[in-house]
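Trainee: Can we go through the pockets and cavities in this one?

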Amino acid sequence: MVSTQNLFDEIQAHLLQDDAPSEYLNRICMEEAFEKDPFSLLARMKKVPQSPVHHPEGNVWNHTMMVVDEAAKMKTKSRNPKVFMWAALLHDIGKAETTRNRKGKITAYNHERAGAERSKAFLQNFTDDREMIRQVVALVRWHMQILFVVKSMPFADISGMQEETDPGEIALLGFCDRMGRLNADQREEEEHLRQFLKKCSLH
């Protein structure tokens, strides 16, 4: 059976090299090794539901696979493709513990904060590269800002985001996140991207 370190390295290679990493990830997620720690942090996303209004593609894993494939198209625009692709895979890892059914409405409030903690815990099993971990964690922590900022929501925090990460990288990840769903409107999301970057530059 493949070791956990080898599995991590294999996943990383596919994230960086494949046009559609989801094809590999959907195969490997059926393996026994994927059900054991720390990969169970990823496997459990398959059991986490999402709002059918915002995510008609289904559970968190389905959404994440779509986001990873979108990110694969955009990774050459990132300052650090390895960081960017891991952030794409881990961005919603916190939804497993934050998802609630509130009177028929499925929510995952603060999943980005929980996800930052889980991403750090996951990556520390495989690498001593603290800067790489820090950058991934920051992208996961702030990936919702493109939505919060554009919609002028109370959770928007441009200053806090800029202290920890590059708004340009958040814009890329946020765009992939928004496009990684069945009802995505590319023109609308491109406009949101433009608005987000404008607001960040004015701040």
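Trainee: Which residues lie nearest the centre of the largest pocket?
Mentor: His 54, His 55, His 111, Met 144 and Leu 147, out of 34 lining residues. This is a predicted model, where local features need pLDDT of at least 70, side-chain atom pairs count only at pLDDT 80 or more, and totals for chains, interfaces and linings use all residues. Residues are numbered from 1 along each chain as its sequence is written, and side-chain values use heavy atoms, with hydrogens and water left out.

Trainee: What counts as a pocket or a cavity?
Mentor: On a 1 Å grid over the protein atoms alone, a cavity is a set of points where a 1.4 Å probe fits but cannot get out, while a pocket is an open set with protein on both sides within 12 Å along at least five of seven lines; lining residues have an atom within 4 Å of a point.

Trainee: What volume does the largest pocket have?
Mentor: About 850 Å³, a volume being the space filled by probe spheres set on the grid points, which are joined across faces, edges and corners.

Trainee: And the second largest pocket, what is its volume?
Mentor: About 170 Å³. Its lining includes Arg 79, Arg 134 and Glu 169.

Trainee: Switching topic, how many cavities of 30 Å³ or more?
Mentor: One. The largest cavity has a volume of about 40 Å³.

Trainee: Which residues line the largest cavity?
Mentor: Ile 146, Leu 147, Val 150, Lys 151, Arg 178, Glu 189 and His 192. Leu 147 is also among the residues nearest the centre of the largest pocket.
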